[in-house]
Amino acid sequence: MEKTIIAEGKTTKEAIENGLKQLNVTKDCVDIKVLESEDKRSFYSILAPRIVKVEITVKEERTPQGKQKREIHLSQEEEQQATEKLEKFLKEFIKQLPEGTKYEITSTENYINVNIISENLGYLIGYRGETLYALQNILSAIAGKGIEKRIKVILDIGGYKEKREKTLEDLASKVAKTVIRTGKPIKLEPMQAYERKIIHSKLQKNSRVETTSIGEEPYRRIVVSLKEKY
C-alpha cells in the first residue's frame, strides 16, 4: 500500500526535505505534488508566515516489467519444505569445500537465511560478491522447487555482507566529503540493489548532499551531488 504524507516548509525545497526526513526515504523513492506553492500568495496573505505544502507519496517497488513486487508470506509447511531442500543440497555441497566449513539455516515467513561459515571461501564470493549472488539465486531455485510461491534465499559467506556494508558506508562518507569540497557530483560504479540502499541510507541524513539512482540493471548506479540551496 502506498504511503502518503503532507509536508510543510518555508520553501518548496524545504517542504520536500522535511517530508523525506519524516518518511526516511530518498527523493528518487517518492512522487511529489506541490499543494501550495511559494509563488502563489495573495495580497492579503503577504504578511502571514510563508508556508509551502507538498504531498509526498512513497513509490511502490516494481519489477523491470512494471509489475508490483508483492511481499511473499510462507506457511510453516512451505518454510519446512524449502528448508529441507536446502539442507539436502548443502550437506553435499560443503563436502566439496575446505574441511571445517559449516552452514546455518534460519527462516521466517518472508525469506530463508543461509550462512556458510569458513575463512577460506573468497572464490565463492567473487569480485564484489558476483559469485555469491549467483549461488544465492541457485539456492533460491532449489528451495522453491515444487512450491508455487517464490522462495527468497538470502546468502552470506564468511560474514562478507557485514564487511561489505562497512566498506560501502566508508565509501559514502568519503565521496560526500569530496562532493562538498569540490561542488561537483560523483557517479559511483554500478552496484547491487542492496548495496545502493546502503549508500542511500548512509547519506540520507547528510544536510549537504543527496543521492539519486540512474541507469538500468545490472548497470544501475548512484550519483552523489550537492543539495540545492533554499
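Tutor: Here we take some labels one by one and set each against its cut-off.

Student: What kind of model is this?
Tutor: It is a predicted model. Its protein chain has 6 helices and 9 strands. Of its 230 residues, 35% count as buried.

Student: Why is serine 173 called partly exposed?
Tutor: Buried means under 20% relative accessible area, and exposed means over 50%. Serine 173 has 26% relative accessibility, so it counts as partly exposed.

Student: Where is serine 173 found?
Tutor: It is in helix α5, residues 160–182.

Student: Which residues of α5 are buried?
Tutor: Among them are Leu168, Ala172, Val175, Ala176 and Val179. Glycine 183 follows the helix, with a positive phi near 80°.

Student: How do you know that the length of α1 agrees with 1.5 Å a residue?
Tutor: Use the same kind of check. Its 12 residues should span 16 Å, and the end C-alpha atoms of α1 are 17 Å apart, which agrees. Asparagine 24 comes after α1, and its phi is positive, near 60°.

Student: What makes the buried residues of α2 line one face?
Tutor: Start with the list: Glu78, Glu79, Ala82, Thr83, Leu86, Leu90 and Phe93 are buried. Look down the axis of α2: these buried residues fall within an arc of 120°, so they line one face of the helix.

Student: Which exposed residues does the face turned away carry?
Tutor: That face of α2 carries Glu77 and Lys88.

Student: What covers the buried residues of α2?
Tutor: The cover includes strands β4 (102–107), β5 (112–117) and β6 (153–157). Helices α3 (122–125) and α4 (130–144) belong to it too.

Student: What about the span of α2?
Tutor: Residues 76–93 make up this helix of 18 residues. From first C-alpha to last it reaches 25 Å, close to the expected 26 Å.

Student: What is said about the phi of arginine 128?
Tutor: Its phi is positive, about 55°, although arginine 128 is not a glycine. It sits in the loop between α3 and α4.

Student: Why is arginine 128 called partly exposed?
Tutor: Its relative accessibility is 31%.

Student: How do you find empty space inside a model?
Tutor: Rolling a probe the size of a water molecule over the atoms shows where empty space is left.

Student: How many cavities of 30 Å³ or more are counted?
Tutor: The count is 1. The largest cavity holds about 160 Å³ of space.

Student: Which residues lie nearest the centre of the largest cavity?
Tutor: They are Glu17, Leu20, Gln204, Glu210 and Lys227, out of 14 lining residues. Helix α1 (12–23) and strand β8 (209–214) each supply at least two residues of the lining. Glu17 and Leu20 are also among the buried residues of α1.

Student: How does that lining divide?
Tutor: It has 4 nonpolar, 4 polar and 6 charged residues.

Terms used: Residues are numbered from 1 along each chain as its sequence is written. This is a predicted model: local features need pLDDT of at least 70, side-chain atom pairs count only at pLDDT 80 or more; totals for chains, interfaces and linings use all residues. Side-chain values use heavy atoms; hydrogens and water are left out. Helices (H or I, at least four residues) and strands (E, at least two) are DSSP runs, numbered from the N terminus. The expected span of a helix is 1.5 Å times one less than its number of residues. Buried means under 20% relative accessible area, exposed over 50%, partly exposed in between (1.4 Å probe, protein chains only). The arc is that of the directions from the helix axis to the C-beta atoms. Contact means heavy atoms within 4.5 Å. On a 1 Å grid over the protein atoms alone, a cavity is a set of points where a 1.4 Å probe fits but cannot get out, and a pocket is an open set with protein on both sides within 12 Å along at least five of seven lines; lining residues have an atom within 4 Å of a point. Grid points are joined across faces, edges and corners, and a volume is the space filled by probe spheres set on the points. Ala, Val, Leu, Ile, Met, Phe, Trp, Tyr, Cys and Pro count as nonpolar, Asp, Glu, Lys and Arg as charged, and the others, Gly among them, as polar.
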